[in-house]
Amino acid sequence: MTTNTTSKTYNKVTSILIILTAEILLCLPMIQAQAPPGNAKKISTDLFGLFFEDINYAADGGLYAELVQNRSFEYNPAERKVWHPLYNWEYFTTGYSYGKVNIESSQPVHPNNPHYTVLEAEHIYQEGGSVGIRNQGFDGIVVRNGQSYLFSVFAKQLSKEPVSLKVSLQTKKGEVLAEHQLTVSSANWEKQTAVLSSNADYDTASLVIALVSKGKTALDVVSLFPEHTFKKRANGMRADLAQLLADMKPAFIRFPGGCLVHGDGLGNMYRWKNTIGPIEQRAEQRNIWGYHQTGGLGYYEYFQFCEDIGAKPLPVLPAAVSCQNSGGTWRIGGTGQRALPLEEMQEYIQEVIDLIEWANGPVNSTWGSKRAAAGHPASFNLQYVGIGNEEKITPEFEQRFKLINDAVKAKHPEITVIGTSGPFHSGEDFDKGWSFAKSQQVQVVDEHYYVQPEWFISNQYRYDKYPRNAGNVYLGEYASWGNQLKNALAEAAFMTGLERNGDVVQLASYAPLFAKKNNTQWKTDMIFFDNSGYYLTPNYHIQKLFSANRGDWYLNNMIRKDNRDTSLAASATADSKTGDIILKLVNTSNEKKTITADLSGYKFSSVGLKIIMSGSPEQQNSFSQPDAIKPDYHKTVITKKMLVEVPAMSFILIRINTYK
Ligand code: AHR
């Protein structure tokens, strides 16, 4: 990725300059806060947001900036046969030193974190000898020259004498990139910290912890974070990846999934209370996607991140039933759903209610005080709560959903509960899910579909036919199968339909968001990354352009085009905060097309901003060609009856400043 840095930076600078120039040129007394003239309808201000799930190593090893893998020695063979508490840790001795390493669980740092390691140096051979363990991170730890890394560990002295620990970052050949010496001299668990500043760039470093004096120590929660996390948050996020999400200006972020929410069997459901508080107290567990989740990126971090980037938090909680694919093959079967026993429901409902208090309650409430203790006394302004994720609509699900929904509505009528309608765009669960949701007067219903690009094109009028008084839609997961330009354009065409129907479609989020190179469980994703870089798909660019250019009015008559031609899709919205009109035009055919935009009734600036993304249908980006498909920024002339040419296989966004 480093080879592309210069061209990426150049492109970014050029784009920023064009945007700035356009904004200066257009700097007229604008702002048109009321309804725009003509035939306009109010649409959702929350329409485009993000879906985040820890799939494809999106959290641990991804967005969560922790560099140590298996930091708490909690990997175990029940997760993967080859895993054990010392997985990814290598024991070593130098010189003729000798000793041993063990895993124990009799006196842990916290009962939620039962295992720890015991390292003993029985003999240290001369000066420079050591007995230690080293961690490879997630396929190597990336360090940069001059950058600092924050190390911490819980340690306690188990021998009579205090022990000296040397902590270092090392290359594969054992060259030291950074080093610090600590003394463990407490018989109780104590957190020790050190700052390691690297003296070189290196992509596959190890973290080495070595006893350099004879003795015995217990170690747990061995952690290493880059100092520069996003907004420099402690226990924070990888700055480059988090910035990509911030750049999209999403209205909301849905978390923590996906199927991760309802889990692989009842014991695997994502329980939010396990993911708040100090990291050493969080309960780790297997992820439904077959790997380990530390919970380090937990509810507090999700809410804080939402606030940091101005997005509304949208947590999804299990509906007290597990994934229907539990214990089986993905999407095959549908028999694995398990339900919490009814006698446990009261306790479970309280868990849901407690989340609302944790997020919004005063600092003197039981759960609000925990949020305050974590560093956030102010409310997180939680508005939406999802209950369930694409469940099979069984009597067991319905019974539990009703209990939860009724309790939330009774105690917190200010919260919008989001229901669910199965994993497909139609069919039995979809129909049953919607009709059950209507019977329960659920305000918003979550739809999911992953389909071919052609489906998106031919279904761009799907929501024009939806009733306007039967619950709004949250299109919580959707994507066309692929990351080529044709996929992104098919999604764009469909998204113009979401805008046109923004009075009934309240929220929408593409899924999944992240995929780590060589660790991908889901084929079509929005952002591909490795330990040191990333590339953006055409789908990302489309999502960003729609999300960062949201309107709150739909302008019904502004665009003239032949609606029978589904290969040409278009929308016109107005943003009452800026007074801008935003046109989005999509041509999914192999020939150029034209549309007319009618600006009669508006006073507008004669120069607008035009963003265009085009190419050949199969083109896509990759680590070696990250910018094969990307949006280009231009200035454009705006006229009252504007004829716009839309090239073959292209997306065009035009932003027009209006004034009174
Ligand atoms: O986005 C990937 C998966 O697809 C989600 O976890 C699940 O909800 C859906 O079926």
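How many residues has helix α7 (residues 395–411), and what does the helix reach from its first C-alpha to its last? Helix α7 has 17 residues and reaches 24 Å, close to the 24 Å expected at 1.5 Å a residue; the expected span is 1.5 Å times one less than the number of residues.

This is a predicted model, in which local features need pLDDT of at least 70 and side-chain atom pairs count only at pLDDT 80 or more, while totals for chains, interfaces and linings use all residues. Residues are numbered from 1 along each chain as its sequence is written, and side-chain values use heavy atoms, without hydrogens and water. Helices (H or I, at least four residues) and strands (E, at least two) are DSSP runs, numbered from the N terminus.

**Helix α7**

F397, R400, F401, I404, N405 and V408 of α7 are buried, that is, under 20% relative accessible area with a 1.4 Å probe and protein chains only, whereas exposed is over 50% and partly exposed lies in between. The buried residues pack against α5 (345–360), β18 (384–387), β19 (416–420) and α8 (428–439), where contact means heavy atoms within 4.5 Å.

**Strand β35**

Nine of the 10 residues of β35 (residues 650–659) are buried. Its pairings are tabulated below; two strands pair if DSSP finds at least two bridges between them.

| Strand paired with β35 | Bridges and sense |
|---|---|
| β29 (residues 580–587) | eight bridges, antiparallel |
| β31 (residues 603–604) | two bridges, antiparallel |
| β32 (residues 607–614) | six bridges, antiparallel |

In β35, S650 stands opposite N587, I652 stands opposite I612, and Y659 is the bridge partner of K603.
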